[in-house]
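Q: I would like to learn how to read a structure like this one, feature by feature. Could you take me through it?

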Amino acid sequence: MAGAGGDCCLLRLPDDSLFLGLDCSTQSLKATVLDAGLGIVATDSVHFDSDLPHYGTRGGVLRDQDPAERGRIVSPPLMWAEALDLLLGRLRSRSDLRRVAAVSGSAQQHGSVYWAKGAAAALSALNPAASEDLAPQLAAAGALAAPESPVWMDSSTAAQCREVEAAMGGALRLARLTGCRAHRRCTGPQIRKMHQTRPQVYEATERVSLVSSFMASLLVGGYACIDETDGAGMNIMDINTRQLLQDALQAMAPNLEERIGKLAPAHAVAGKIAPYFVQRFQFSSNCLVIQWSGDNPNSLAGLTLSNPGDLAISLGTSDTVFGVTDSPEPSLEGNIFPNPVDPKTYMVLLCYKNGSLTREDLRNRYAERSWDLFNRLLEETAPLNGGKLGFYYKEHEILPPLPVGFHRYVLKNFTSGPLDEMVEEEVDKFDPPSEVRAIIEGQFMSMRGHAEQCGLPVPPKRIIATGGASSNPTILKIMASIFGCPVYTSQRSDSASLGAALRAAHGWLCKQQDEFVPFSCVYSGRLDGTSLGMKLSVPFGDCEGDTELLNNYTLLVKKRLEIEQKLIERICSLMEEMQMPCMLCW
Ligand code: XUL
């Protein structure tokens, strides 16, 4: 039997079937359609800002301008619903949606959606014959208790994070139980803030969904469960038993369990697709909706990451670093989630808020808004940047937990003395080429240092780079030098929607077999020549000097982590002087 580790090759996806993967990320909704041979038959996307400008988002989000609500960042859930109609309409004209055997999805992690009382009934009554689409029908039924959802970028929950950690016996205990400390983007503290600051919304709420389960709920026309992988980003689930923790639920808000509902494994069936989608877009009424999950877990599936020592780095709105482990060690840094495609293992994730938008900001300031010039400047400057280290935070950062601000240091006597004895001097600015190198080197050095602290293997055996900036070879070359390993790229930059399509096929197979089957059954023997193939983009160790350079980066990473620590201490004592609670060491 396949589930018992038997011969997966006996399992077949029906020849004429299609599998649809959607990814509701911060800035867009994307789709990948796979055929039974795992070839890509269609892709498409809806960009929230430009395709749906009436929601007024920038980068897919709305930033609260009220000084009392600094750091509050939200998105309108109806925008995601409208994007779903638009995207399926576009896809229908390019592929035969009747052949879709299963659909699954990926979404930005941690965001919370508040369904109003009666929303379950409204979802089941979505009318395909009505002239209105999903969003106006949901609005007319008053299906949402809050028109805006706090998303992963929201950093306005510092007080709630402190309270929750205190109630749960400290940050480390909470991390050991739930997979992470109360990071500001975690959903539990978001819900607590909603209960404290908008009690009327919380009272009116029948169900809280994550962005992933919100989208799945639209597709099944009823509340879909939160899956156990994305659910781990909420601070309310025991990552070992995958059950809700009563004391954590109570630390968040009253009567929360009934608003969360049950959790389900990521490979489970959420339901059959609702009649709305059957009639509007010609899906088969037998099309299965497989549980949706978070974007990072879906990328893990899309990159078929399963070997210890493989590290994925996704360079997108958030930069993330992740790998698989069977012996997770939750700490104050990073997140541990159950692996969405293997109930026995876990994924370790580091998340940085300052990803592509911060790189773009530096490009605009120092490289005349041009990636070509940005790359030229990177190539003109020597590795190690002459001992110049930059810390650029346009958003309140997670790793390290530092507020918005730019900090620059030069190591004195960089060219003459031993690196580990060098003392740093703070400066106001660098020349433009050094600024450009400092952000790229700085981001990768931080990833390497924190990955090591979280127990991820450094140097990794290989890195699989994905996300927008992974198409930039100059950036990838620097990644290889700093981590000391070859860098591969996935043939497809959108690993999250690809992962969702593969998970749709996986969920379909599990349902067919009536038991869990290994994820590799979906793709066994079919990695090369399909959408899943990897390409070696930067080799490592072939050039003279690679190893010496790696050793120097090792020292520079150590120095960088020391400076980070000093920056944290400086901010803490400033807060203390101002007699304010220190937001960094709650
Ligand atoms: C991960 C995280 C981000 C979002 C981005 O914990 O918050 O990577 O998932 O969509």
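This is a predicted model: local features need pLDDT of at least 70, side-chain atom pairs count only at pLDDT 80 or more; totals for chains, interfaces and linings use all residues.

Q: Let's start with helices. What describes two packed helices?

A: Two values do: the angle between the axes and the distance between the axes. Take helix α2 (residues 77-92) and helix α9 (residues 211-220): their axes are 11 Å apart, and the helices pack at an angle of about 50°.

Q: How are α2 and α9 oriented to each other?

A: Angles from 65 to 115 degrees count as roughly perpendicular, under 35 as roughly parallel and over 145 as roughly antiparallel, with the rest called oblique. By that scheme α2 and α9 are oblique to each other. Their crossing is right-handed.

Q: Which residues make the contact between α2 and α9?

A: From α2 come P77, W80, A81 and L84, and from α9 come V211, F214, M215, L218 and L219. Sorting the residues of this contact of α2 with α9 by class gives nine nonpolar, no polar and no charged.

Q: What angle do helix α14 and helix α15 make?

A: Helix α14 (residues 356-366) packs on helix α15 (residues 371-380) at about 85°, and their axes are 10 Å apart. That angle makes α14 roughly perpendicular to α15. On the α14 side the contact involves R359, E360, R363 and Y366, while α15 supplies W371, F374 and L377. Here, the residues of the contact of α14 with α15 are four nonpolar, no polar and three charged.

Q: At what angle do helix α5 and helix α7 cross?

A: The axes of helix α5 (residues 158-167) and helix α7 (residues 187-197) cross at roughly 110° and come within 9 Å. α5 is therefore roughly perpendicular to α7. The crossing of α5 and α7 is right-handed. Q160, C161, E163 and V164 of α5 meet P189, R192, K193 and Q196 of α7. By class, this contact of α5 with α7 holds three nonpolar, two polar and three charged residues.

Q: How far is a polar side-chain atom of D295 from an oxygen atom of the ligand?

A: The distance is 2.4 Å for D295. For N296, a polar side-chain atom lies 3.0 Å from a ligand oxygen atom. S318 also takes part, with an N or O atom in its side chain 2.8 Å from an oxygen atom of the ligand.

Q: H110 was among the residues around the ligand. What is the phi of H110 near?

A: Phi of H110 is near 80°, which is a positive value in a residue other than glycine. You can find H110 in the loop between β6 (100-107) and β7 (112-116).

Q: And the peptide bonds: is the bond from L399 to P400 cis or trans?

A: Omega is the angle to check. The bond from L399 to P400 has omega near -5° and is cis. P400 sits in the loop between β19 (388-393) and β20 (405-411).

Q: What is omega near for the peptide bond from V458 to P459?

A: Omega is near -5°, and the bond from V458 to P459 is cis. To locate P459, look in the loop between α16 (432-453) and β22 (462-466).

Notes: Residues are numbered from 1 along each chain as its sequence is written. Side-chain values use heavy atoms; hydrogens and water are left out. Axes are lines fitted to C-alpha atoms, for helices over the stretch in contact, and angles run from 0 to 180 degrees between N-to-C directions. Helices (H or I, at least four residues) and strands (E, at least two) are DSSP runs, numbered from the N terminus. A crossing is left-handed if the near helix is turned anticlockwise from the far one by less than a right angle, and right-handed if clockwise. Contact means heavy atoms within 4.5 Å. Ala, Val, Leu, Ile, Met, Phe, Trp, Tyr, Cys and Pro count as nonpolar, Asp, Glu, Lys and Arg as charged, and the others, Gly among them, as polar. A residue is near a molecule or strand if one of its heavy atoms lies within 4 Å of it. A polar contact is a pair of N or O atoms within 3.5 Å; within protein, one must be able to donate a hydrogen and the other to accept it, and residues adjacent in sequence count only if both atoms are side-chain atoms.
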